[in-house]
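Hi,

Here is the structure I promised to pass on to you. Have a look at it first, and then read on for what turned up when I went through it.

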Amino acid sequence: MGLITGLCTFLYHLPQIYKWLLKPYYITSVLMTLAFLVVRKTPGLCEHLASDREDGNSCDFDWRELEILMFLSAIVMMKNRRAITLEQHIGNVFMFSKVANVILFFRLDIRLGILYLALCVAFVMTFKPPIYMGPEYIKYFSDKTIDDELQRDGRVTWIVEFYANWSSDCQSFAPVFADLSLKYNCAGLRFGKVDIGRYDEVSQKYKVSTSPLSKQLPTLVLFQGGREIMRRPMVDKKGRAVSWTFNEENIIREFNLNELFQKSKKLNKSFGVKEEKQNDTQPEEGSDAEEPTESKKDQ
C-alpha cells in the first residue's frame, strides 16, 4: 500500500519534477547522488575497483556497501517524516546521498574519496537551490524599512518571516508562506519577510539567531501595533529553537489566522471607505495601487 501511495505521489508531482530536472542545481545533484552507483556498475571501469565480495565480482555491491545504503534509506525515511514539501523530501535525498557517497568512495579508494569530497565542496560554493518565484502577497523589508512599516498603522497585524537565503529550511518553507499570504492577506493582516542573513542588525534587534546550531531559521513572528505578540519556533534558555513543524495547518492554528482574517474584514471596509474618498479627490493616474506580488530585488 505504501509503495502504491508513493508511486501515485510521484506521478502527481511528475510535471514539477520534470521542471526541476531542467535546472543546473538539480541536474548536478542527481549526477552526484548517483555517482557511486555509476562508478560501481559501469563496465570497463568497475573491473578495476576493489571489492570484499567472496565471488570477487567488483561490479556489484559488497555486503558493507549494501549496509551503508540501507542505513542511508532509513535515515532519509526518518528525516522525511518531518518534511512538509516535495522540495524538502528531494533535498533530504540529495544531502544524505552525498554523505553516503563520501563514505563509500573513501572506503573504495582514498583518492576517489578526496576527489568526490572536493566536488561536493565545489558544488556547495557554486550551485544554490532555486529561489521560489511563484505568486505571493508578501512585503520584503530591509533594515531601514522594517521598523517604520510595522509601526505605520497600529490596526494592522503583521506576520513576518525572518529567513536567510542560504538556509535550505527557509527555501523549502517559501512556497508554504507564499500560499498563506495569498489566502489570508488583507488590509488588516499583512505578510512580510526580512533576510537576516543580509541584515545582521535586524537579527540582533529581533533576537533571531542565524547560527545553524540554533535551528531558529525560519522564524515567524506575529506583530500587532509594532509589538511582538508571539513567535514560532520558541527558543529555550540555551538559545536553541524548540522543535516545531512549519506546515500550513500548524501555522493557521497557532497564529489563529482564521480568526485574525475575520476580524480584519472590518478593517478592510474602513480602508475601503478611505480609498473611495481619496479616489474622489485624486486622479486615477496618480493612484499607487499595491501589486499582488512584490519584488525580491527591491532591498
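**Around the cis prolines**

P218 sits in the loop between helix 10 (200-205) and strand 4; helices (H or I, at least four residues) and strands (E, at least two) are DSSP runs, numbered from the N terminus. The peptide bond that leads from L217 to P218 is cis, with omega near -5°. Before going further, please keep in mind that this is a predicted model, where local features need pLDDT of at least 70 and side-chain atom pairs count only at pLDDT 80 or more, while totals for chains, interfaces and linings use all residues. Residues are numbered from 1 along each chain as its sequence is written, and side-chain values use heavy atoms, with hydrogens and water left out.

The loop between helix 10 and strand 4 also holds K215. K215 is not a glycine, yet its phi is positive, about 55°. With a relative accessible area of 55%, K215 is exposed (buried means under 20% relative accessible area, exposed over 50%, partly exposed in between, with a 1.4 Å probe and protein chains only).

A cis peptide bond also runs from R232 to P233, with omega near 0°. P233 belongs to the loop between strand 5 and helix 11, and V235 is found in the loop between strand 5 and helix 11 too. V235 counts as partly exposed, at 35% relative accessibility. Its C-alpha atom is 7.8 Å from that of Q216, although V235 and Q216 are 19 residues apart along the chain. Not counting residues up to four places away in sequence, V235 touches Q216, R240 and A241 (contact means heavy atoms within 4.5 Å).

One more positive phi in a residue other than glycine belongs to N256, near 50°. N256 lies in the loop between helix 11 and helix 12 and is partly exposed at 42% relative accessibility.

In what order do the five strands of the open sheet run? The order is 1-3-2-4-5, and the pairing is mixed (two strands pair if DSSP finds at least two bridges between them). Strand 1 (139-141) and strand 5 stand at the edges with a single partner strand each, so one side of each has no neighbour in the sheet. From one strand to the next, the twist averages 30° (axes are lines fitted to C-alpha atoms, for helices over the stretch in contact, and angles run from 0 to 180 degrees between N-to-C directions).

Strand 1 pairs with strand 3 (residues 189-195) in the parallel sense over three bridges, and Y140 stands opposite K193 in strand 3. Helix 9 (residues 168-184) packs on the sheet, where it touches strand 2 (157-163), strand 3 and strand 4; the direction of helix 9 makes about 160° with that of strand 3.

V221 has R231 in strand 5 as its bridge partner. The two strands form a hairpin with two residues between them, and G225 in the turn has a positive phi of about 65°.

**The cores**

The largest nonpolar core has 40 residues, of which F162, V194 and L257 touch the most other members (a nonpolar core is a set of buried Ala, Val, Leu, Ile, Met, Phe, Trp, Tyr and Cys residues joined through side-chain atoms within 4.5 Å). Helix 9 gives the largest share of this core, six residues. Leaving aside neighbours within four places in sequence, V194 is in contact with residues including F141, I146, V160 and F162. Another core, of 22 residues, lies apart from it, and C46, L49, V102 and L104 are among its members.

**The disulfide**

How many disulfides are there? The count comes to one (a disulfide is a pair of cysteine sulfur atoms within 2.5 Å). C46 is joined to C59, with an S to S distance of 1.8 Å. Both cysteines lie in the loop between helix 4 (35-41) and helix 5 (63-80), so the pair ties together parts that are 13 residues apart in sequence. The link of C46 and C59 is right-handed, with 75° about the S-S bond. C46 is buried at 0% relative accessibility.

**Overall**

The protein has 12 helices and five strands, and of its 299 residues, 38% count as buried.

Best wishes
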